[in-house]
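Colleague: I have just opened this entry and would enjoy a short tour. Please put it on screen.

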Amino acid sequence: MKTRLLSICLVAILLFSVTSCAFFAQPNDQKSDDLTINVYTLNGTTGFGMAKLMNDAKNGSTSQKYDFSVQTDASNVTAALLNGSADIAALPTNAAANIYNKSEGGVVVLAVNTLGCLYLLTNQNETITSFADLRGKTVYVPAQNPTFIFTYLCKQNGLTVGEDITINSSTYAQPAALKDAVASGLVDIAVLPEPMVTIATNTVKNANNGTVLTTAMDLTAEWNKVSAANSLVQGCVVVRRAFLEEHPEAVEDFLNEYKVSIEFLSTDVDAAAQMIVDNGIFTSAPVAKKALPKCNVCFLDGAEMKTAMNTYLGILFGIAPASIGGKLPADNFYYAR
């Protein structure tokens with residue numbers, strides 16, 4: 001009788017232990033089949049690195065479920081992060097800092113995905129080889145980040161904006177509009193990002209109207225001359241803090257798969273360019289293929305990411321504090337791996 005009673009007690013204890021472990025483990029179950037990560041990205045360069053991951057998700061070969069949304073306007077991505085529609089998003093680095101400040105630390109930057117992709121373009125009417133050649137000139141630049149970056153570079157090269165050089169960022173505020181103006185000959189000197197540079201160049205070649213476009217300066221190279229190398233970080237990927245705290249392992253899995261997706265861009269350019277088009281990130285595979293080497297898509301995380309972003313955001317703060325939300329983000333803005 002005692003032996004039977006002892007056996008019953010042992011079974012009861014074992015069942016309680018198993019049930020208790022299951023209960024306490026449940027909140028940390030990162031591999032739940034019910035979890036779908038909502039990922040927002042922008043079309044163009046900022047979204048290029050997401051293409052293979054989007055393809056793999058379609059084919060069911062990712063570690064977890066993803067629901068991707070490609071946006072043409074960064075404000076839509078910002079809104080999705082703030083209202084919780086997006087769990088993870090790729091967007092400009094200054095927009096990430098803005099969201100962090102607006103949401104009182106509600107997002108965490110996981111990695112930098114794009115270094116500088118801006119170039120100074122001229123036509124046959126101008127010969128520019130350095131910033132010194134820009135003295136007395138008018139340069140058309142897209143609004144926001146490109147203007148801030150170009151303003152900083154002018155200052156570092158001894159040019160006072162408004163006196164030594166004129167920056168026009170209102171006539172063609174959007175890169176696409178400025179690209180058309182350059183291709184049609186309405187603008188002689190302009191700052192454009194890839195892949196807009198490639199599109200403008202191809203348009204001029206196909207038109208065969210006598211216009212000749214020259215990439216006069218790589219602004220990333222110019223940045224590296226006057227600031228820390230690889231600190232011109234224009235794009236990044238962020239996660240909502242609440243999602244990260246609830247699903248830390250899922251976020252790690254995403255980062256690992258995202259890194260592979262970015263590395264694929266340089267491994268198989270033809271396939272990558274087609275994936276970019278197939279997933280609605282860009283419209284032309286040939287243009288994407290030609291532009292990719294000049295887009296400076298990358299994967300920087302950990303301490304390297306933090307150092308680069310701290311430098312870049314500090315420079316933006318010095319040029320236009322409102323561009324990053326009025327103050328520099330605190331250390332908890334950066335994801336430590």
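Colleague: How much space lies in the largest pocket?

Modeller: This is a predicted model, where local features need pLDDT of at least 70 and side-chain atom pairs pLDDT 80 or more, while totals for chains, interfaces and linings use all residues. Residues are numbered from 1 along each chain as its sequence is written, and side-chain values use heavy atoms, without hydrogens and water. A pocket is an open set of points on a 1 Å grid over the protein atoms alone where a 1.4 Å probe fits, with protein on both sides within 12 Å along at least five of seven lines. Taking volume as the space filled by probe spheres on the points, joined across faces, edges and corners, the largest pocket holds about 1200 Å³.

Colleague: Which helix gives the largest share of the lining of the largest pocket?

Modeller: Lining residues have an atom within 4 Å of a point, and here there are 39, with Leu42, Ala74, Pro92, Gln174 and Pro175 nearest the centre. Helices are DSSP runs of H or I, at least four residues, and strands runs of E, at least two, numbered from the N terminus. Helix 2 (45-48), helix 4 (74-83), helix 5 (93-102), helix 6 (145-156) and helix 7 (175-183) each supply at least two lining residues. The largest share, five residues, comes from helix 5.

Colleague: And which element gives the most to the lining of the second largest pocket?

Modeller: That pocket has a volume of about 180 Å³, and its lining includes Lys259, Leu265, Pro293 and Phe299. Helix 11 (248-267) and strand 11 (297-300) are the elements that give two or more residues to this lining. With five residues, the most comes from helix 11.

Colleague: At what angle do the axes of helix 3 and helix 12 cross?

Modeller: Ala51, Lys52, Asn55 and Lys58 in helix 3 meet Met275, Ile276 and Asp278 in helix 12, contact being heavy atoms within 4.5 Å. The axes are lines fitted to C-alpha atoms over the stretch in contact, with angles from 0 to 180 degrees between N-to-C directions. For helix 3 (residues 51-58) and helix 12 (residues 269-278), they come within 8 Å and cross at roughly 70°. That makes the pair (65 to 115 degrees) roughly perpendicular.

Colleague: Finally, what share of the residues in the protein is buried?

Modeller: The protein has 14 helices and 11 strands, and its C-alpha trace spans about 105 × 40 × 30 Å along the principal axes. Counting as buried anything under 20% relative accessible area (1.4 Å probe, protein chains only), the share of the 337 residues is 51%.

Technical notes. Parallel < 35°, antiparallel > 145°, perpendicular 65-115°, else oblique. Buried < 20%, exposed > 50% of the residue type's maximum accessible area, 1.4 Å probe, protein only.
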